[in-house]
Amino acid sequence: RVTTVTTGSSGINAEYGYVLPQEGGRDGDLVTCVGWKPDATKHIVSGRYGTTKLWDSTVCKLVSSHISPTVYSCSWRDNNLVSLGRGDGTVLHWDVRTPETLHRPFSATSGIICGVDWDREGESLAVGCNDNKVQIFRNTNLRDSETLTMVYQSAVKAISWNPLQRGVLATGSGQNDQRVVVWDLISGNYKNCIDTKSQVTGLIWSPSCNQLITSHGHFDPNLRLWELKNSTNTCKLTGHTNMIVSIAKSPLNDHIISLSADESLRVWNIFAKNNASNKSRLSSSVLSLDKIR
């Protein structure tokens, strides 16, 4: 099930929801990836059995769909092109202006692509893989582009470009590595290396980009706020009882939403302005997934 969640003074609400049907008339598919177009007029939803659908978000209407290897991650370069990271190690570019026409995919790894993210200029695509590598593809023609490979000790799912500083990329690795590394790809050096002591499942930059929010796995199902100036953990946000699968930021940069294997969504009022106290700044609202099935 895909559900749109709205935030307000009264808390959070499930605005509308729909089931992603599985091809062939069988039971509903398991959702593996959701991605909003930057202008919020459309979104894509992918399922475990390889169905990727483009929806009109304004009226909740299906625009187009296609079948491919399972899509585990996506990133919009702009309002026209979305890149899909797939389970066969390839990246597929989809221009939604002509939704029935798909670009030929290119191979990024021999394993599964866990995360993809375009930089703010739309010039470099970061690809995190379960072969313990992050690859940077530079060039609009990514098939023949220059690549840069960074090697870790675990799969890399959490990747995020700094939205304010060109060429700065944050990566978070899995259980056998447990690090957050902030790279300056212009100089070729890393700016920060943080041992989180836990599997990193998600990364989000603060609005000022001097802090990072990380989400974590089975042994530490919490969100953590990191001060990049001295690489210290300044706050732990608790509430989930099982691993956090994914996190996302609201368009206004004031709320974080986390999705957990405990079958709940939490909306965190982390970066909201004009709050009276630190306690309210770090408050959260909870929406049980069982209530929206």
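Biologist: What makes strand S8 (residues 81-86) largely enclosed by the rest of the structure?

Modeller: Start with the count: 6 of the 6 residues of S8 are buried, so the strand is largely enclosed. Buried means under 20% relative accessible area, exposed means over 50%, and partly exposed lies in between, using a 1.4 Å probe and protein chains only. Strands here are DSSP runs of E with at least two residues, helices are runs of H or I with at least four, and both are numbered from the N terminus.

Biologist: What kind of model is this, and how are residues numbered?

Modeller: This is a predicted model: local features need pLDDT of at least 70, side-chain atom pairs count only at pLDDT 80 or more, and totals for chains, interfaces and linings use all residues. Residues are numbered from 1 along each chain as its sequence is written, and side-chain values use heavy atoms, with hydrogens and water left out.

Biologist: How do you know that both faces of S8 are covered?

Modeller: Look at each side in turn. Leu 81, Ser 83 and Gly 85 are buried on one side. Val 82, Leu 84 and Arg 86 are buried on the other.

Biologist: Why is S8 said to pair with S7 and with S9?

Modeller: Two strands pair if DSSP finds at least two bridges between them. Strand S7 (residues 71-76) and S8 have 5 bridges, in the antiparallel sense, so they pass that cut-off. S8 and strand S9 (residues 90-95) also pair in the antiparallel sense, over 5 bridges. Val 71 has Arg 86 as its bridge partner in S8. Gly 85 stands opposite Val 91 in S9.

Biologist: What lies between the strands of these hairpins?

Modeller: S7 and S8 form a hairpin with 4 residues between them. The hairpin of S8 and S9 has 3 residues between its strands, and Gly 89 there takes a positive phi near 85°.

Biologist: Why is the contact of Arg 86 with Asp 88 called a salt bridge?

Modeller: The term needs a side-chain nitrogen of Lys or Arg within 4 Å of a carboxyl oxygen of Asp or Glu. The closest N and O atoms of Arg 86 and Asp 88 are 3.9 Å apart, so the pair qualifies. Side chains of opposite charge can pair when their charged atoms come close. Arg 86 has a relative accessible area of 6%, so this residue is buried.

Biologist: Which other salt bridges can we look at?

Modeller: One of them joins Glu 121 to Arg 120, with the closest N and O atoms 2.5 Å apart. Glu 121, at 27%, is partly exposed. Arg 120, at 48%, counts as partly exposed too. Another joins the side chains of Lys 197 and Asp 195, at 3.4 Å from N to O. Salt bridges that share partners join Arg 120, Glu 121, Glu 123 and Arg 166 into one network. A search of the whole structure finds 10 salt bridges.

Biologist: How do you know whether Leu 54 is buried or exposed?

Modeller: Its relative accessibility is 0%, so Leu 54 counts as buried. Leu 54 lies in strand S5. Contact means heavy atoms within 4.5 Å. Leaving aside neighbours within four places in sequence, Leu 54 is in contact with residues including His 43, Ile 44, Leu 62, Trp 76 and Trp 94. Ser 64 is another contact of Leu 54. The C-alpha atoms of Leu 54 and Ser 64 are separated by 5.2 Å, though these residues are 10 apart along the chain.

Biologist: Is Val 59 called buried or exposed, and why?

Modeller: Val 59 has 54% relative accessibility, so this residue counts as exposed. Val 59 is found in the loop between strand S5 (51-56) and strand S6 (61-67).

Biologist: What makes S15 and S18 edge strands?

Modeller: First, the sheet. An open sheet of 4 strands runs in the order S15-S16-S17-S18, with antiparallel pairing. Strand S15 (156-161) and strand S18 (189-195) each pair on one side only. S15 is joined by 5 bridges to strand S16 (residues 168-173). Trp 161 stands opposite Leu 169 in S16.

Biologist: What does the chain hold overall?

Modeller: The chain has 1 helix and 26 strands. Of its 293 residues, 51% count as buried.
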